[in-house]
Amino acid sequence: DAIAGLVGGTLEGNGSASVTAIAPLERAGPGDLSFLASRRYAAAVSQCRAGVLLVSPDLADLPSPAAARILVERPHDALLSVIPHLYAPPSVRPASIHPTAIIGHGARLGRDVTLAANSVIGAGASIGDRATIGANTVVGDGVTIGADSMLWPGVVVYAGAELGERVILHSGVCVGSDGFGYVQRKGAHRKIPHVGRCRIEEDVEIGANTTVDRGSIDDTVIGAGTKIDNLVHIGHNVRVGRACLIMAQVGIAGSARLGDGCIVAGQAGLGGHINIGDGARIGGQSGVFGDVPAGETWSGYPARPHRESLRATAALFRLSGLIKRLERMVGGES
């Protein structure tokens with residue numbers, strides 16, 4: 001009953017069933033909460049022994065031995081209301097500055113800042129209230145970090161970068177490194193000095209081992225609320241809009257522009273100096289070499305509108321069969 005009230009769903013079955021954890025369909029037991037949001041898992045739900053099962057209304061016809069079912073729109077979203085009640089949040093340690101932390105000349109620390117072991121704060125840097133700087137993390141000269149931000153161990157933020165409030169950088173993130181820019185002169189590759197900044201706006205989360213280059217002349221900007229997965233590379237002068245989702249192993253070349261609300265799926269590559277419109281979606285492993293209109297879904301290599309890409313792929317798969325038929329016809333004539 002309590003869970004149904006939390007998620008605003010309709011209870012079916014044993015209203016007194018209790019759960020203490022969340023588990024996938026195939027592993028859930030009587031003490032677990034599980035969820036079903038796609039018909040592709042119909043076989044698994046038929047064997048699911050969960051104490052409570054969150055189910056979308058369009059899948060209510062699927063049978064399950066679960067003790068109780070709660071019909072709720074968007075079960076994934078409903079989990080967000082339940083998780084805090086089943087799992088205690090990480091304990092908050094009192095703010096502290098470890099004796100091995102190094103604080104440069106003129107650095108400014110806000111209230112209740114935590115600096116873990118061997119962290120380095122460069123000269124003139126500014127750390128906002130309640131920010132946490134993890135062990136072995138380096139914050140360069142003149143960097144600004146907003147309030148309530150979290151930099152996990154092993155992060156590097158190059159000089160001059162700006163991070164807004166509530167930014168999360170996971171281990172191995174590198175923000176503000178030089179972009180890949182060279183000109184050939186007298187038979188050698190001459191490095192183009194990078195004097196732009198890297199600006200990360202508020203509520204951005206960046207996954208482990210992702211790199212975001214600084215601008216060469218202009219700034220590299222990651223818009224507010226954008227979430228970036230692990231192992232992503234964002235080149236110099238790129239502008240990423242607000243509330244975008246960028247999945248693992250994506251590469252975005254220099255001076256590309258992404259509008260607000262874009263989704264870029266895993267291993268996609270975006271060429272330089274292109275524009276991706278607001279709300280556009282790029283399929284996994286796509287190679288994007290031109291502009292993508294707002295709101296459209298593109299996929300494939302080279303990327304094109306998704307339906308066109310599917311037709312092209314289907315035609316390619318049929319081609320081998322046609323070639324075999326032609327070879328048999330030619331062989332029969334000879």
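**Exercise 1. The second largest pocket**

Task: In this predicted model, determine how much space lies in the second largest pocket and which strand gives the largest share of its lining.

Solution: 
1. The space in the second largest pocket comes to about 180 Å³.
2. Its lining consists of Ala 23, Pro 24, Leu 25, Glu 26, Ser 34, Phe 35, Leu 36, Ala 37, Ser 38, Tyr 41, Ala 44 and His 76.
3. Strand β3 (residues 32-36) contributes three residues to this lining, the largest share.

**Exercise 2. Phe 180 and Tyr 182**

Task: Classify the geometry of the aromatic pair formed by Phe 180 and Tyr 182.

Solution: 
1. The structure holds two aromatic pairs, and one of them is formed by Phe 180 and Tyr 182.
2. The ring centres are 5.2 Å apart, and the angle between the planes is 70 degrees.
3. Planes over 60 degrees apart count as edge-to-face, and the pair of Phe 180 and Tyr 182 is accordingly edge-to-face.
4. Phe 180 has 73% relative accessibility and therefore counts as exposed.
5. Tyr 182, at 40% relative accessibility, counts as partly exposed.

**Exercise 3. Phe 289 and Tyr 301**

Task: Classify the pair of Phe 289 and Tyr 301, and state where in the chain each residue lies.

Solution: 
1. The ring centres of Phe 289 and Tyr 301 lie 5.5 Å apart with the planes at 80 degrees, so this pair is edge-to-face.
2. Phe 289 is in the loop between β35 (287-288) and β36 (297-299), whereas Tyr 301 is in the loop between β36 and β37 (304-305).
3. The two residues are 12 residues apart, and their pair links distant parts of the chain.
4. Both Phe 289 and Tyr 301 are exposed.

How values were computed. Residues numbered from 1 in each chain as written. Predicted model: local features only at pLDDT ≥ 70, side-chain atom pairs only at ≥ 80, totals over all residues. Heavy atoms only, no water. 1 Å grid on protein atoms, 1.4 Å probe; cavity = no way out; pocket = protein on both sides within 12 Å on 5 of 7 lines; lining within 4 Å. Points joined across faces, edges and corners; volume = space filled by probe spheres on them. Helix = DSSP H or I, 4+ residues; strand = E, 2+ residues; numbered from the N terminus. Phe/Tyr/Trp six-rings, centres within 6.5 Å; stacked < 30°, edge-to-face > 60°. Buried < 20%, exposed > 50% of the residue type's maximum accessible area, 1.4 Å probe, protein only.
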